[in-house]
Number of protein chains: 2
Amino acid sequence: MALSVAVLAGGVGAARFLEGLVRVVPAENVTVIGNTGDDLELHGLAICPDLDTVTYTLAGLSDPERGWGLANESFHALDALRKFSEDTWFQLGDRDLATHIFRSSLLRSGFPLSEVTVRVTRALGIASKLLPMSDNTVRTWLDTEIGQLDFQTYFVKTRAEPEVRGVEFVGANEASPAPGVLDAIMQADAVIIAPSNPIISVGPILAVPGIRDALRETSAPVVAVSPIVGGQAVKGPAAAMMTSLGHGASATAVAGLYEDFLNIFVLDEVDADSEAAVEELGMRVVVCPTMMTGMPEKEALARVVMEAAAS
Amino acid sequence: MALSVAVLAGGVGAARFLEGLVRVVPAENVTVIGNTGDDLELHGLAICPDLDTVTYTLAGLSDPERGWGLANESFHALDALRKFSEDTWFQLGDRDLATHIFRSSLLRSGFPLSEVTVRVTRALGIASKLLPMSDNTVRTWLDTEIGQLDFQTYFVKTRAEPEVRGVEFVGANEASPAPGVLDAIMQADAVIIAPSNPIISVGPILAVPGIRDALRETSAPVVAVSPIVGGQAVKGPAAAMMTSLGHGASATAVAGLYEDFLNIFVLDEVDADSEAAVEELGMRVVVCPTMMTGMPEKEALARVVMEAAAS
């Protein structure tokens, strides 16, 4: 299967799916369109958590336990930083810092994020192409029961505990897709929405004008893997957020959010009874095991997705 | 001796002297005027090697073997940076990076270096006041046999090996002393020129308009400790540089460079035979052991200097 594949990706869930995908499709045929709504500037450093999670995972450098950050990481710089700053709630590993320092330096020199990302991924030996959704700044803000929070404050500092009442992608309306993003979607043989939080991981990507239209217009089949299994998020606050925002915490609700462009929805076996409801949204359903507990499971899921797209 | 003391300081030699001085004079009575001609920007980080050497040493955090950097330091971030950049010849420790990240962030927010330095030294618990010679950018460039080199390229990358034919302090003419520098010199009970390289450590400080005049005008005695002992630099390239620039590598030549403002010159015992020559320059000479091999020696030297200033 030497098909060209475009993947809309958030962080950890997407990265795990991609690990399997690049074992089923040649890695160089995969273009990942990454969420940058989670990005933050801290201590003057430009940090792109989702892009880096994908990068480190595809480079085989990620910490397998945590999912984020690098394996065998140390935090000496962060410890030293505590003497200077209160803003040390965001975990910055020593090796991880090198990425942020390099990226920040290039951005400040005027390079767009897409070009910086090419350099980072190339330096780490990644064969797939990773594109930020946009070179413009888009920031996810959450309207929560304790007030407006930027994404990382919500996600890391308050551990995603406050109830979310609304989500805003600040800057999205004025943003353009990064160079290559629309082409990747339009020219792909298959487009995959990774099993990421539909609200805050895929949502920011879809909010960049032009991307959702491209998903509707591409002749490639668009396949999504449900990040909600048995009413629970595989990881993170997706289920609680879907509920508090009134969508309901179900795989069917996720499919509903993608209804206007999705052709195929991959449901976990435990949600087999939702098949009819999802089909009523006008899309095909594939039921299979979706829990990516190990590499065989990741690879098997990717194979099912690619086969569904090809049929 | 609760005298107020101002010290013009370079890096390692000055820091060692200061360690002794703050054991003889209350640390809070000491104002250090630090060289920033060695500063560099690398990977977008503002690095102030001499200020940091003084800071880390006075904080008791410096590496006792190397003289620069922090004790028990690791270099994981730098190792990771090697994947991205060729510019990894400057040793940036993980803990040290925290200082540069914090400083760079504040500078970018608009704080002047003097204010940033207050915050850094306060965070590390230093009782003495450390002032950069200027809040303006001054950069030491060396005209060498292999071309024009900025200070750190010369000092670190080429290990101070190329013969130096000229020295320029770019930006010095347009620079102003940082707030407090002139007052510290004018209001001190004693001014000390630390045993630092007169060309490239003390030289940049003296090149900032107003500082040399203040040294000439202050009613405080100005005392220098020779960094050249027996025709050799105690540390670094001072002797070779003095020779190639035509000054000659001797304690007497150092005294000659400070002739217009110096009242007392502290000579090492091995240079006792230079006493007359230095006195002919119109200054008093004190001969004593100046090699700061341990804390007792550092303290003894500081005591001699303070006693000379008081008499």
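Chain B is superposed on chain A by a rotation of 180° with 0.0 Å of shift along its axis, at an RMSD of 0.0 Å. The same surface serves both copies: 100% of the contact residues of chain B recur in chain A. Asp94(B) comes closest to the rotation axis of the residues of chain B, with its C-alpha at 3.1 Å.

This is a predicted model, in which local features need pLDDT of at least 70 and side-chain atom pairs count only at pLDDT 80 or more, while totals for chains, interfaces and linings use all residues. Residues are numbered from 1 along each chain as its sequence is written, and chains are lettered from A and ligands numbered from 1 in the order in which they are written.

Turn to the interface. Here 22 residues of chain B are in contact with 22 residues of chain A. Contact means that the C-beta atoms of two residues, placed from the backbone, lie within 7 Å. Helix H3 (76–81) and helix H4 (94–108) of chain B each supply at least two residues of the side that touches chain A. H4(B) gives the largest share of that side, nine residues. Helices (H or I, at least four residues) and strands (E, at least two) are DSSP runs, numbered from the N terminus. By class, the side of chain B that touches chain A has 11 nonpolar, seven polar and four charged residues. Ala, Val, Leu, Ile, Met, Phe, Trp, Tyr, Cys and Pro count as nonpolar, Asp, Glu, Lys and Arg as charged, and the others, Gly among them, as polar.

Now look at helix H2 (residues 49–58) of chain B. 10 of its 10 residues are buried, so H2(B) is largely enclosed by the rest of the structure. A residue is buried if 20 or more other C-beta atoms lie within 10 Å of its own, exposed if 12 or fewer, and partly exposed in between; C-beta atoms are placed from the backbone. Among the buried residues of H2(B) are Pro49(B), Asp50(B) and Tyr56(B). Gly60(B) follows H2(B) and has a positive phi, near 75°.

The loop between H2 and H3 of chain B holds Asn72(B). Asn72(B) has a positive phi of about 50° although it is not a glycine. Most residues other than glycine have a negative phi. Asn72(B) counts as exposed, with 9 C-beta neighbours inside 10 Å.

Chain B also has an open sheet of seven strands, in the order S5-S2-S1-S9-S10-S13-S14, with parallel pairing. Two strands pair if DSSP finds at least two bridges between them. Strand S5 (129–132) and strand S14 (284–288) of chain B stand at the edges, each with a single partner strand, so one side of each has no neighbour in the sheet. Three bridges join S10 (residues 222–225) to S13 (residues 264–268) of chain B. Ala224(B) has Phe265(B) as its bridge partner in S13(B).

Finally, the core. The largest nonpolar core has 215 residues, and Val7(A) and Val7(B) have the most contacts inside it. Such a core is a set of buried Ala, Val, Leu, Ile, Met, Phe, Trp, Tyr and Cys residues joined through C-beta atoms within 7 Å. Leaving aside residues up to four places away in sequence, Val7(A) touches residues including Leu18(A), Val30(A) and Ile192(A).

Conventions: Least-squares fit on C-alpha atoms with pLDDT ≥ 70 in both.
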